[in-house]
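Q: I am new to this structure. Please take me through it, one feature at a time.

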Amino acid sequence: MKILIVEDDFVSRTILQEYLNLYGTTHIAVNGKEAIAAVKAADAINAPYDLICLDVMMPEMSGQEALRAIREIEEAKGIFSSEGAKIMMTTALNDVKTVSVAFQGLCDAYLVKPIRKEKLLCELRNLKIIP
């Protein structure tokens, strides 16, 4: 599995990487702009990401903006959200509006920080990414 972790906080990024390294190759982006560049680069070599963990609050481009842009990139290629990358929002925000906007943007899962390994693995199983 090919995984992109998009997180501006070093500790959160490191924890996610440690948890997910067991399941595939992990790449890192520190903001939404880097995430978009990584998705485009992966598509250019026909090796798209299977899972994208996307923080909501980041500098330069928020996770919500990056989510919409990633789905637009996929749709332009004829790939719709159910067939594209599984996108999991990871954030400290747990308010109804933020969660609602994420799912309207076609995210597949939403995890509230601090990320616990058990909850992360449960979501990955729900998404049928791991057995």
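A: Start with the labels. Helices (H or I, at least four residues) and strands (E, at least two) are DSSP runs, numbered from the N terminus. This is a predicted model: local features need pLDDT of at least 70, side-chain atom pairs count only at pLDDT 80 or more, and totals for chains, interfaces and linings use all residues. Residues are numbered from 1 along each chain as its sequence is written, and side-chain values use heavy atoms, without hydrogens or water.

Q: Where is N46 found?

A: Look in the loop between α2 and β3. N46 is not a glycine, yet its phi is positive, about 55°.

Q: Is N46 buried or exposed?

A: First the scale. Buried means under 20% relative accessible area, exposed means over 50%, and partly exposed lies in between (1.4 Å probe, protein chains only). N46 has 67%, so it counts as exposed. L106 has 34%, so it is partly exposed. E72, in helix α3, has 55%, which means that it is exposed.

Q: Which residues does a cis peptide bond join?

A: Most peptide bonds are trans. Here a cis bond joins K113 and P114, with omega about 0°. P114 belongs to the loop between β5 (109-112) and α5.

Q: Which residues have the most contacts inside the largest nonpolar core?

A: A nonpolar core is a set of buried Ala, Val, Leu, Ile, Met, Phe, Trp, Tyr and Cys residues joined through side-chain atoms within 4.5 Å. The largest one has 25 residues, and L4, V6, I52, L54, I87 and M89 have the most contacts inside it. At least two of its residues come from each of β1 (2-6), α2 (32-44), β3 (51-55), α3 and β4 (86-91). Another core, of 15 residues, lies apart from it; L16, L20, A109 and L127 are among its members.

Q: What does L4 touch?

A: Contact means heavy atoms within 4.5 Å. Leaving out residues up to four places away in sequence, L4 touches H27, I28, A29, A35, A38, V39, Y49, L51, I52 and C53.

Q: What is the angle between α3 and α4?

A: Axes are lines fitted to C-alpha atoms, for helices over the stretch in contact, and angles run from 0 to 180 degrees between N-to-C directions. Angles under 35 degrees count as roughly parallel, over 145 as roughly antiparallel, 65 to 115 as roughly perpendicular and the rest as oblique. The axes of α3 (residues 63-76) and α4 (residues 96-104) come within 9 Å and cross at roughly 15°. Therefore α3 is roughly parallel to α4. Q64, L67 and R68 of α3 make the contact with T98, V101 and A102 of α4.

Q: How do I read a second pair? Please take α1 and α5.

A: The axes of α1 (residues 10-20) and α5 (residues 117-126) come within 11 Å and cross at roughly 55°. So α1 is oblique to α5. L16, Y19 and L20 of α1 meet K117, L120 and L124 of α5.
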